[in-house]
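These are my notebook entries on the fold of one protein chain. I record what I looked up, in the order in which I looked it up.

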Amino acid sequence: MTKEIALIGTGAMGDAIGTRLSDTGNMFAVLDLVAERAQALVAKGAQPAGLAAKDASGTD
């Protein structure tokens with residue numbers, strides 16, 4: 001079963017979690033209040049997210 005993951009916040013902890021998700025082959029959406037902060041994870045394959053409540057509502 002595939003999980004739908006949304007990562008909200010890419011500070012020190014969020015970036016580490018996102019990197020691990022990416023390194024282990026998980027697909028996920030990423031959102032940060034400062035869009036540029038999420039770009040490193042988008043470059044690793046994450047999908048850029050829009051609104052936190054909308055993106056999180058469709059995830060596990």
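This is a predicted model: local features need pLDDT of at least 70, side-chain atom pairs count only at pLDDT 80 or more; totals for chains, interfaces and linings use all residues.

Entry 1, conventions. Residues are numbered from 1 along each chain as its sequence is written, and side-chain values use heavy atoms, with hydrogens and water left out.

I located alanine 46 in the loop between α2 and β3; helices (H or I, at least four residues) and strands (E, at least two) are DSSP runs, numbered from the N terminus. Is alanine 46 buried or exposed? I find it buried, because its relative accessibility is 3%; buried means under 20% relative accessible area, exposed over 50% and partly exposed in between, with a 1.4 Å probe and protein chains only. Setting aside neighbours within four places in sequence, I list Phe28, Val30 and Leu41 as the contacts of alanine 46. I also looked up methionine 27, which is 19 residues from alanine 46 in sequence and 6.2 Å from it in space, C-alpha to C-alpha.

Entry 3, overall content. I count three helices and three strands, in the sequence pattern β-α-β-α-β-α. The protein has 60 residues, of which 27% count as buried. It exposes about 4,100 Å², and carbon and sulfur atoms supply 58% of that; the areas come from the Shrake-Rupley method with a 1.4 Å probe, and for residues only the protein chains shown count as cover. Among contacts between residues at least 6 apart in sequence, 33% join residues at least 24 apart.

In which order do the three strands lie? I read an open sheet in the order β1-β2-β3, with parallel pairing; two strands pair if DSSP finds at least two bridges between them. Between β1 and β2 I find four bridges in the parallel sense, with leucine 7 opposite valine 30 in β2. Between β2 and β3 there are two parallel bridges, and alanine 29 stands opposite glutamine 47 in β3. Both faces of β2 are covered: Phe28 and Val30 are buried on one side, Ala29 and Leu31 on the other.

I checked the length of α1 (residues 12–23): its twelve residues at 1.5 Å each should span 16 Å, and the end C-alpha atoms are 17 Å apart, which agrees. The expected span is 1.5 Å times one less than the number of residues. Which residues of α1 are buried? I list Gly14, Gly18, Thr19, Leu21 and Ser22. They lie on the same side of α1, because they cover an arc of only 160° around the axis, taken from the directions from the helix axis to the C-beta atoms. The face turned away from that buried side carries the exposed residues Ala12, Met13, Arg20 and Asp23. After α1 comes glycine 25, with a positive phi near 85°.

The buried residues of α1 pack against β1 (5–8), β2 (28–31) and α2 (35–43). I find α1 lying across β1 and β2, at about 155° to β1. α2 lies across β1, β2 and β3, at about 160° to β2. Axes are lines fitted to C-alpha atoms, for helices over the stretch in contact, and angles run from 0 to 180 degrees between N-to-C directions.

Conventions:
Contact means heavy atoms within 4.5 Å.
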